[in-house]
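Let's walk through a protein model together, one question at a time. Have the sequence and the 3D view ready.

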Amino acid sequence: MRNIKVEQLVQTPVENQEIELVERKGLGHPDSISDGIAEAVSRALCAEYIEKCGAVLHHNTDETQIVAGRSSPSFGGGEVIKPIYTLLVGRATKEFNGVEIPAEAVALSAARDYLRKNIVNLDLDRDIILDCKLGTGSSDLRDVFGREKIPTANDTSFGVGHASFSELERIVYDTEKQLIGDLKGKLPAIGEDIKVMGLRDKDDISLTVCCGMVDKYVDDMDAYVSFKEQMKDYILDIGGKYTDRNVNAYVNAADNTAGGCGCIFLTVTGTSAEMGDDGSVGRGNRCNGLITPNRPMSMEATSGKNPVNHVGKIYNLLSTQMAWDIVEAVPQVDEVYVRLLSQIGKPIDQPMAASIQVIPEEEANFATVQDDAEAVADEWLGNITKITDLVINGAIDTF
């Protein structure tokens, strides 16, 4: 028997609260770059361990740090004056049963591949320095990975998830995704460093979007202003797909277009990491891709932690997946909040507490809701290693 508790939560659903705040940091934000590199390195190490040793070995790469460089952007194309410095740091198993694992080489290759794919205007030969300082995990931690079929928790920690998304959450999430995944193909001046801040004040939604424009695609100030207007129209169209509320959009609100290119958000590479903005793992989006102060959140960094027994990763991902599955499988549910607490040394499929809080629809039969939600939670815990497989295969996002 698992310690699953399903209770009715008596509070105003987020959609009905007067004020709601939601934020998303895009792929090119320095914090997101740190998250992305850390997770890419972890997945690459997992693949190397499986190939050479038949199983994922102990590692954690969730301490990646970015130190901003210095640049001189200019209409038509500027240059990076001082490269961005990136430090890959953490712990990794480098030898197992006589087999040597080139952990640092794997990490550096994975980081370069990630940057090449996601920050397309970054020159890897001159715009960034990649350094790697991976220590070796303790023998006690390494031994955990081979003892039992169900791993034991590495820590006493908790994960938090919720479902479903509010209108504002969906708009903020998809605005960044579609600007990069769609509009950037038509407007290559759009850089990957996009931050979307959403405010809903009753039925008025304001989206403040900061986007680092890539200077070589911007001929002059008129072109820059034109690109901003096209982005604004596109963002308003996205908002209209999800809500009937009034939506306003503001793109690069701090710009002074009368002050020359130094007073606008113009970049060489598409990321503010080139000039003044540092980055760290875990300072940006939670594993659902958003920062949601109206919802319970865990401050635990998810990216880069090993996917086998690090509950700071597994329980945050699991609680989110569990919440969405409850919403989809259980009728008459408005909102679901899941909190999972581990106890160090105990099997991860037996949490110290699994708290499911449900805001049911009016007239819902809560006894039925309770039973169905508990069944979904129990099934996920009984198949908890599925989360590990999803992470290793890159089938689940961590930020």
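Q: What percentage of the 399 residues of the protein chain count as buried?
A: Buried means under 20% relative accessible area, exposed means over 50%, and partly exposed is in between, using a 1.4 Å probe and protein chains only. Apply that to the 399 residues of the protein chain, and the buried share comes to 53%.

Q: What kind of model is this, and what pLDDT do local features need?
A: Residues are numbered from 1 along each chain as its sequence is written, and side-chain values use heavy atoms, with hydrogens and water left out. This is a predicted model, where totals for chains, interfaces and linings use all residues, side-chain atom pairs count only at pLDDT 80 or more, and local features need pLDDT of at least 70.

Q: How many helices and strands does the protein chain have?
A: Helices (H or I, at least four residues) and strands (E, at least two) are DSSP runs, numbered from the N terminus. On that basis the protein chain has 8 helices and 18 strands.

Q: What is the radius of gyration of the protein chain?
A: The radius is taken over C-alpha atoms, and the globule rule to hold it against is 2.2 Å times the number of residues to the power 0.38. For 399 residues that rule gives 21 Å, and the chain comes close to it, so it is as compact as a globular protein of that length, with a radius of gyration of 22 Å.

Q: How many salt bridges does the count come to?
A: Side chains of opposite charge can pair when their charged atoms come close. Here a salt bridge is a side-chain nitrogen of Lys or Arg within 4 Å of a carboxyl oxygen of Asp or Glu. By this rule the count is 23.

Q: Which residue forms a salt bridge with Arg 24?
A: Look at strand β2 for Arg 24 and at helix α4 for its partner; the pair ties together parts that are 152 residues apart in sequence. The closest N and O atoms are 2.8 Å apart, and the partner is Glu 176.

Q: Where does Glu 335, the salt-bridge partner of Arg 295, lie?
A: The closest N and O atoms of Arg 295 and Glu 335 are 3.5 Å apart. Arg 295 is buried, with a relative accessible area of 5%, and Glu 335 is buried with 5% as well. Arg 295 sits in the loop between β16 and α6, so the pair ties together parts that are 40 residues apart in sequence, with Glu 335 in strand β17 (residues 333-341).

Q: Is Asp 127 buried or exposed?
A: Asp 127 meets Arg 126 in a salt bridge, at 3.9 Å from N to O. Arg 126 is partly exposed, with 46% relative accessible area. For Asp 127 the figure is 6%, so Asp 127 is buried.

Q: Which residue is 5.8 Å from Met 297, C-alpha to C-alpha?
A: Start in the loop between β16 (279-280) and α6 (311-329), where you'll find Met 297. Its relative accessibility is 29%, so Met 297 counts as partly exposed. The residue you want is 137 residues away in sequence: Val 160.

Q: Is Asn 252 buried or exposed?
A: Asn 252 has a positive phi, near 50 degrees, and is not a glycine. Its place is the loop between β14 (246-251) and β15 (266-267). With a relative accessible area of 4%, Asn 252 is buried.

Q: Is Asn 97 buried or exposed?
A: Asn 97 also isn't a glycine, and its phi is positive at about 50 degrees. Find Asn 97 in the loop between β8 (95-96) and β9 (99-100). Its relative accessible area is 68%, so Asn 97 is exposed.
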